[in-house]
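Thanks for coming. Please look at it first.

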Amino acid sequence: MKIQFLNAAALTDGIAAVAPDLGFEVTEENADLTVTVTEVAERTVTVTLDGNQAAITYGDGKARFFRGLATLLGWIGDGIKKKTETETPLFAKNGGMFSVSRGGVLRVETVKATMRCMALMGLNTYMLYSEDTFEVDGFPYFGHARGRYSKAELKEMDAYALSLGIELIPCIQVLGHLSNYLSQKQAYSHKDTESVLLVGAEETYALIDGMLSTVCECFTTKRVHIGMDETYDLGTGKYLDKNGYRPRHDIFFEHLERVKELVKARGLDPMMWSDMFFRMAAKGLKGYKDYDTRVQFTEEFRDSIPQGVRPIFWDYYNADKEFYRTNIEKHRYLFERETIYAGGIWLWSGQGPLYSRSFDFTYPALDACKETGVQEVFATIWGGDDSHLILSMPGLAWFADYDYRDGYDEASMKRCLRDACHVDYDTLMLCELPEHPDGQKSSLTRGLLYNDPLLGLADKHFEHLPMKDFYAATTAKLEASRPQNPLFAPAYELIVKLSSLLEYKADFGVRLKRAYDANDRDALQAFIAECDLILSRLHALRDCHYDVWMQYNKPHGWELHDIRYGGLIQRFDTVKRRLADYLTGRTPRLEELEEERLRLYGEDGDGDPIPAHYFLWKRYRFYATANTI
């Protein structure tokens with residue numbers, strides 16, 4: 001289709017960027033469709049179609065226009081000839097935060113692709129969460145060999161975002177979550193604990209000022225996210241040795257005041273996670289969980305908080321709207337500046353997405369934000385290690401369409417994803433299926449994939465489940481409905497390969513021990529052949545994962561997967577050898593299979609659900625080995 005745009009000079013670069021995705025060509029003559037563009041002051045988007053004439057009126061940023069353009073072309077694709085629709089967004093700012101520090105660093109082209117999808121949904125905020133994966137002058141070991149972004153790459157992404165009406169916001173860490181960098185000798189002078197910077201050390205503030213220098217040089221926005229979350233062990237390492245004991249909140253507030261001065265000196269506007277304020281005020285509260293509604297704040301505590309930083313209330317663990325309402329009001333009591341809400345699209349707990357849990361927690365939170373007048377929201381997208389971040393797009397469609405439709409509208413939300421990303425919502429939802437062989441909303445694939453076939457440390461949790469039938473049926477469902485869009489197809493195919501492997505791998509250890517305990521030598525002989533089948537599918541999964549990784553991410557970080565897959569491959573080679581040695585009499589017994597299988601949480605938890613949160617890669621040793629790594 002050839003489209004002529006009138007009065008759209010300010011949108012030229014963005015239109016050119018999305019044209020290939022939407023399947024049109026910009027022309028000045030012989031157009032199939034003429035679109036007249038009008039920008040107004042109000043926060044709005046109105047789309048009108050009448051034959052080969054169309055109009056888009058938008059206000060409050062270019063992203064509103066791009067949502068209108070995706071909507072318009074969606075109508076035309078549906079055969080609609082005449083229609084008018086107006087949407088008034090609820091939120092001033094809405095978008096996503098993509099983690100590029102937890103294993104995978106997105107390629108610049110992948111970032112651009114996600115930006116296009118988001119702009120076409122009408123989202124106008126893109127946060128780039130970078131702990132140490134960006135260049136800082138004077139600190140060559142900061143992000144070394146991690147695939148960090150160069151300044152040129154940051155500037156390229158920033159310019160691209162601006163063309164689409166998206167604010168690209170740098171998200172750095174100025175206190176915690178810096179274990180990768182702090183593990184190096186060169187960081188010793190400004191290291192408190194394993195992941196926390198040393199408060200009060202001038203070297204610490206030199207590093208932070210270097211980070212801010214990169215921010216100022218590479219980003220157009222004046223807003224910066226400074227992190228400072230989950231610093232539970234602040235002041236307990238080198239700081240304690242140097243200064244003696246001090247209350248954590250005194251150290252935290254002292255550091256925040258110093259950082260705020262550095263930020264303000266560079267003309268930047270800071271925002272930060274707010275969880276530590278709640279945790280510090282909850283001292284001694286039994287069974288405390290993040291943003292516990294039982295926390296009571298004293299005037300003394302409130303008055304001691306350095307003001308001027310926008311708080312970000314993050315939570316993606318609650319389905320109760322009142323939980324969110326209560327905490328939004330607590331934020332308004334504590335902070336002078338208005339609160340930002342951050343939800344989550346669960347890509348961090350398994351090999352695939354956990355859409356159902358994300359869905360259950362997203363809408364109560366957005367309802368609370370709407371009812372309390374919160375004006376800025378975004379979805380955090382952690383992961384980037386096993387589950388690939390492109391699979392966050394359905395969740396971002398929840399945030400976008402809620403914003404423009406004034407609430408949840410399933411049909412509209414699915415059209416939003418289709419029109420912006422050219423992918424079917426229900427097809428992508430299938431990616432979650434392998435996570436739930438127990439029929440619950442847990443996330444089990446990581447544990448099933450890496451659970452050791454001989455030691456069976458997680459077998460007690462899985463021994464009652466009909467794994468083979470479940471994964472055979474799941475693989476068939478996945479194979480029957482593949483997405484065609486090459487942006488999503490690779491990530492989807494990885495889920496297919498995973499399910500195919502788990503058809504045999506998931507309960508391999510359970511079945512192997514049963515055969516050994518029954519002294520069924522014919523069955524044990526058959527397991528040797530099954531090892532070859534598993535190895536074949538394991539290689540297929542690894543090869544697929546390699547291709548997917550190299551498409552979406554920089555190559556850095558793949559070495560971890562070589563180690564993981566290499567370990568699995570070698571373990572199944574060991575299983576074959578151990579079985580052959582036993583069956584030929586070279587070894588009289590298989591001690592690994594004689595070990596009693598126990599629960600990870602202890603036998604008193606027999607009636608509990610499978611503890612899915614145990615199956616995170618950082619806890620790998622709990623189900624891969626009982627020894628120290």
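I will call a residue buried if its relative accessible area is under 20%, exposed if over 50%, and partly exposed in between, with a 1.4 Å probe and protein chains only. This is a predicted model, where local features need pLDDT of at least 70 and side-chain atom pairs count only at pLDDT 80 or more, while totals for chains, interfaces and linings use all residues. Residues are numbered from 1 along each chain as its sequence is written, and side-chain values use heavy atoms, with hydrogens and water left out. Helices (H or I, at least four residues) and strands (E, at least two) are DSSP runs, numbered from the N terminus.

I start with α4, residues 151-163. Its 13 residues reach 19 Å from first C-alpha to last, close to the 18 Å expected at 1.5 Å a residue; the expected span is 1.5 Å times one less than the number of residues. Which residues of α4 are buried? They are Lys151, Leu154, Met157, Asp158, Tyr160, Ala161 and Ser163. The cover over them includes the helices α1, α2, α3 and α6 and the strands β8 and β9, where contact means heavy atoms within 4.5 Å. Just after α4, glycine 165 has a positive phi of about 80°.

Now the packing of α14, residues 410-421. Axes here are lines fitted to C-alpha atoms, for helices over the stretch in contact, and angles run from 0 to 180 degrees between N-to-C directions. Helix α13, residues 393-405, packs on α14 at about 120°, with the axes 9 Å apart. On the α13 side the contact residues are Met393, Pro394, Ala397, Trp398, Ala400, Asp401 and Arg405, and they meet Ser412, Met413, Cys416, Leu417 and Cys421 of α14. By class, that contact has nine nonpolar, one polar and two charged residues. Nonpolar covers Ala, Val, Leu, Ile, Met, Phe, Trp, Tyr, Cys and Pro; charged covers Asp, Glu, Lys and Arg; the others, Gly among them, are polar.

Helix α3 also packs with α14, at about 135° and with axes 8 Å apart. Cys117, Leu120 and Met121 of α3 make the contact with Cys416, Leu417, Ala420 and Cys421 of α14. Here the classes are seven nonpolar, no polar and no charged residues.

Last, a loop. Proline 588 lies between α22 and α23. Is proline 588 buried or exposed? Proline 588 is exposed, with a relative accessible area of 70%. Proline 588 and aspartate 459 are 129 residues apart in sequence and 24 Å apart in space, C-alpha to C-alpha.
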